[in-house]
Amino acid sequence: MFDFANQPPVIQVDQLNHHFGSGDSKTQALFENKLNVRPGEIVIMTGPSGSGKTTLLTLIGTLRTVQEGSLKILGQELNGMSQLGLTEIRKNIGFIFQAHNLFGSLTAFQNVKMATELVGLKGSTVKPKIEQMLTRLGLGERIHYKPKSLSGGQKQRVAIARGLIHSPRIVLADEPTAALDEESGREAVTLLREMADRDGCTVLIVTHDNRILDVADRIINMVAGHIKNDSDVKQTEKICAFLQATEIFAELTPRTLTDVANNVEVRQFKGDEAVFHQGEEGREFFVVTSGNVAIVRTDAATGKQQTVNQLGVGSYFGEVALIENQPRNATVVATEPTTCYVLDREEFRSVIDTSDSFESELRKAMFERN
Ligand SMILES: Nc1ncnc2c1ncn2[C@@H]1O[C@H](COP(=O)(O)OP(=O)(O)OP(=O)(O)O)[C@@H](O)[C@H]1O
Ligand SMILES: [Mg+2]
């Protein structure tokens with residue numbers, strides 16, 4: 001299996017903005033996007049229509065000019081790159097776009113062969129390779145058919161073969177399985193998974209097809225021109241499992257729980273390090289996932305400090321200041337190396353708004369702690 005964890009990213013997006021139109025009709029389609037994808041990773045991108053997925057994908061694919069921010073492909077900055085440079089980069093990319101744009105006068109085989117010629121792939125192995133791939137995608141009987149004699153799904157499969165035939169280092173796919181039945185959709189993503197695992201090919205798929213989500217190493221969500229969260233799927237699952245086992249989060253619906261898991265930040269504290277201080281503004285909510293913290297209160301009149309509570313794994317703190325909009329009523333100190341999941345104020349509020357059980361648990365706990 002390809003070990004991608006220690007490789008530098010092949011797609012690096014940083015502070016990327018994009019506008020369409022000019023003057024009064026100028027509108028911004030992408031806002032400050034950041035994304036890193038490593039060799040061998042498959043990333044699925046979802047999000048509402050018009051949120052900017054195709055715009056981002058075409059920028060990454062060098063099919064659009066980078067206007068603002070940084071976009072590096074295979075370590076090379078696209079912002080300001082010459083057309084010649086972009087053409088060279090493009091040879092490393094395979095495109096599977098929904099509008100298949102096959103040449104009507106060419107057969108399935110010839111359409112795929114053209115993609116090999118464009119990147120200068122020659123030799124006796126090309127022909128069997130094309131035949132093999134078309135067969136694999138269920139088109140063995142249709143290799144010499146022209147697009148007009150193929151169904152929508154079959155044309156889409158030719159487009160997939162065409163996008164992958166030159167063994168690109170990066171595959172960009174926009175709804176590649178939308179026109180496919182379950183079986184051929186599965187075959188297509190299995191092919192992508194193999195290329196990722198075997199060759200370290202990087203795959204970015206825009207899709208609403210929830211039948212193929214399991215192929216992803218990560219799922220990212222685009223909302224209103226911005227990558228909302230870029231969470232490691234396994235990490236999210238781990239966080240969900242942890243939260244579900246705690247009293248306070250146990251009653252949340254899977255949807256809200258996933259939302260929370262997508263938005264928590266994992267933060268580490270050294271022994272004796274303060275998480276926050278009494279009197280500070282409350283901006284975050286904490287769940288202890290390992291270690292231990294002490295809640296220390298300072299008497300305003302005497303200045304005397306007293307440890308009022310110790311909290312271990314699965315406990316939470318920081319809610320009082322958030323709910324009552326008041327300064328922190330105590331200092332919290334890690335008593336040993338400690339890890340917490342941290343939720344910011346807005347996210348914390350939105351969980352309260354969606355879950356009565358969460359709020360009533362919190363109020364109960366606040367009452368008991370007073
Ligand atoms: N060529 C263009 N000229 C002007 N505006 C455009 C152009 N292409 C896209 N837009 C706008 O940019 C925004 C993002 O569009 P984009 O096609 O990236 O969305 P998307 O997430 O791919 O949507 P869908 O899921 O419907 O394919 C939309 O508001 C769209 O209207
Ligand atoms: Mg689109």
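**Notebook: helix packing, ligand shell and domains**

I began with helix α5 (residues 152-164) and helix α6 (residues 182-199), whose axes come within 11 Å and cross at roughly 5°. I note that the model is a predicted one, in which local features need pLDDT of at least 70, side-chain atom pairs count only at pLDDT 80 or more, and totals for chains, interfaces and linings use all residues. Residues are numbered from 1 along each chain as its sequence is written, while chains are lettered from A and ligands numbered from 1 in the order in which they are written.

For my own record, helices are DSSP runs (H or I, at least four residues), numbered from the N terminus, and axes are lines fitted to C-alpha atoms over the stretch in contact, with angles running from 0 to 180 degrees between N-to-C directions. I therefore put α5 and α6 down as roughly parallel to each other, a term for angles under 35 degrees. I listed Gly153, Arg157, Ile160 and Leu164 on the α5 side of the contact and Ser184, Ala188, Leu191 and Met195 on the α6 side, where contact means C-beta atoms, placed from the backbone, within 7 Å. Sorted by class, these residues are five nonpolar, two polar and one charged, with Gly counted as polar.

**α3 and its partners**

I next looked up helix α3 (residues 108-118) against helix α4 (residues 126-136), and found an angle of about 125° with the axes 10 Å apart.

I then turned to α3 and α5, whose axes come within 8 Å and cross at roughly 25°, which makes α3 roughly parallel to α5. Here Ala108, Asn111, Val112 and Ala115 in α3 meet Val158, Ala161 and Arg162 in α5, a contact that divides into five nonpolar, one polar and one charged residues.

**Ligand 1**

Around ligand 1 I noted Phe20, Gly21, Ala29, Gly47, Ser49, Gly50, Ser51, Gly52, Lys53, Thr54 and Thr55, taking as near any residue whose C-beta atom, placed from the backbone, lies within 6 Å. Helix α1 (residues 53-60) gives the largest share of this shell, three residues, and the shell as a whole has two nonpolar, eight polar and one charged residues.

**Domains**

Last, I took down the domain assignment, which gives domain 1 (11-229) and domain 2 (245-369), with bounds that come from an automatic or database assignment. The centres of domain 1 and domain 2, taken over C-alpha atoms, are separated by 43 Å.

Definitions and conventions:
Helices (H or I, at least four residues) and strands (E, at least two) are DSSP runs, numbered from the N terminus. Angles under 35 degrees count as roughly parallel, over 145 as roughly antiparallel, 65 to 115 as roughly perpendicular and the rest as oblique. Two residues are in contact if their C-beta atoms, placed from the backbone, lie within 7 Å.
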